[in-house]
Amino acid sequence: MMRISQEYLKLQPCDIGGSERDKWKWFEGSASDSCVLRDALARDNSFQVPSDKYYLVDAGYANGPGFLAPYRGTRYHLNEWTGNNRPENYKELFNLRHSIARNFIERSFGLLKKRWSILRTPSFFNIKTQTRIINACFVLHNFIRIEQHNDHVLQDQDLEFLTSVDHEISNHSTVEGNTNRITSVQVTDQWTTFRDTLAMQMFLDYQARGATNS
């Protein structure tokens, strides 16, 4: 399975050795998401985030370059939009679309766990074996998607997702810039302005379509 993985996966290099490997023997406890991210960015073999792209993150993270967070203090989760509730301002619309986009990502993990039972429970294999198991599941999933056009697991997952979400997703946007990697997470005036501008433009387009439809 690992030999054919290159045909179905694009793997990032990962070399755990020395003291890093020893840490896994005692790995326990917990840390906040933001602390984990800061540590990942600060390492020599760091998490790579190009400066002209961004990740969608939840409100537990800072809204800074490379990491687009929702507005705090504004309704966000999809269950808060039941019924005929409509976004009343640009912050609510942004949060709604942000939440839907994140649900697409979470849906992918849900699909893998639904297909492969080994991913549903904690694993007690060593880290190397765990990595191979996950890679093998991804390889087999992608193989099925390519070779089997009628995928009942995917169809069931799509039905569940579409039942819970009946709003459209805005087109993906990126930030103009170069490809230098991001090495820290911090709130900046420029990034705050970028989010506000993006959210306001979304809301203007949303209002214009509503006026046209009416």
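Tyrosine 54 counts as buried, at 14% relative accessibility; buried here stands for under 20% relative accessible area, exposed for over 50%, and partly exposed for what lies in between, with a 1.4 Å probe and protein chains only. Tryptophan 191 is likewise buried, at 5% relative accessibility. This is a predicted model, in which local features need pLDDT of at least 70 and side-chain atom pairs count only at pLDDT 80 or more, while totals for chains, interfaces and linings use all residues. Residues are numbered from 1 along each chain as its sequence is written, and side-chain values use heavy atoms, with hydrogens and water left out.

Let me turn to the aromatic residues. The structure holds eight aromatic pairs. The rings of phenylalanine 47 and tyrosine 55 are one of them, with centres 5.5 Å apart and planes at 45°, so this pair is tilted. The rule is that rings of Phe, Tyr and Trp (its six-membered ring) pair if their centres lie within 6.5 Å; planes under 30 degrees apart count as stacked, over 60 as edge-to-face and the rest as tilted. Phenylalanine 47 is partly exposed, with a relative accessible area of 31%, and tyrosine 55 is partly exposed at 39%. The rings of tyrosine 54 and tryptophan 191 have their centres 6.2 Å apart and their planes at 75°, so that pair is edge-to-face. Tyrosine 54 lies in the loop between helix 3 (33-42) and strand 1 (55-56), and tryptophan 191 in helix 7 (residues 189-213), so the pair ties together parts that are 137 residues apart in sequence. Helices (H or I, at least four residues) and strands (E, at least two) are DSSP runs, numbered from the N terminus. Phe47, Tyr55 and Phe67 form one aromatic cluster.

The loop between helix 3 and strand 1 also contains serine 51, which is partly exposed at 23% relative accessibility. The C-alpha atoms of serine 51 and glycine 66 are separated by 6.2 Å, although these residues are 15 residues apart along the chain.

Next, glutamate 92. This residue belongs to helix 4 (residues 90-115) and is buried, at 11% relative accessibility. Which side chain does a polar contact of 3.1 Å join to that of glutamate 92? The partner is arginine 75, where a polar contact is a pair of N or O atoms within 3.5 Å; within protein, one must be able to donate a hydrogen and the other to accept it, and residues adjacent in sequence count only if both atoms are side-chain atoms. Leaving aside neighbours within four places in sequence, glutamate 92 is in contact (heavy atoms within 4.5 Å) with Thr74, Arg75, Trp81, Arg86 and Pro87.

In helix 5 (residues 127-147), the buried residues include Ile133, Ala136, Val139 and Ile144. At the start of helix 5, a side-chain oxygen of asparagine 126 reaches to within 3.2 Å of the backbone nitrogen of lysine 128.

I finish with the chain and its confidence. The chain has seven helices and two strands, and buried residues make up 30% of its 214 residues. The average pLDDT, the predictor's confidence in each residue from 0 to 100, is 75 for the chain, and 72% of the residues score at least 70. Confidence is lowest in helix 2 (residues 19-23), at a mean of 54, and highest in strand 2 (residues 67-68), at 90.
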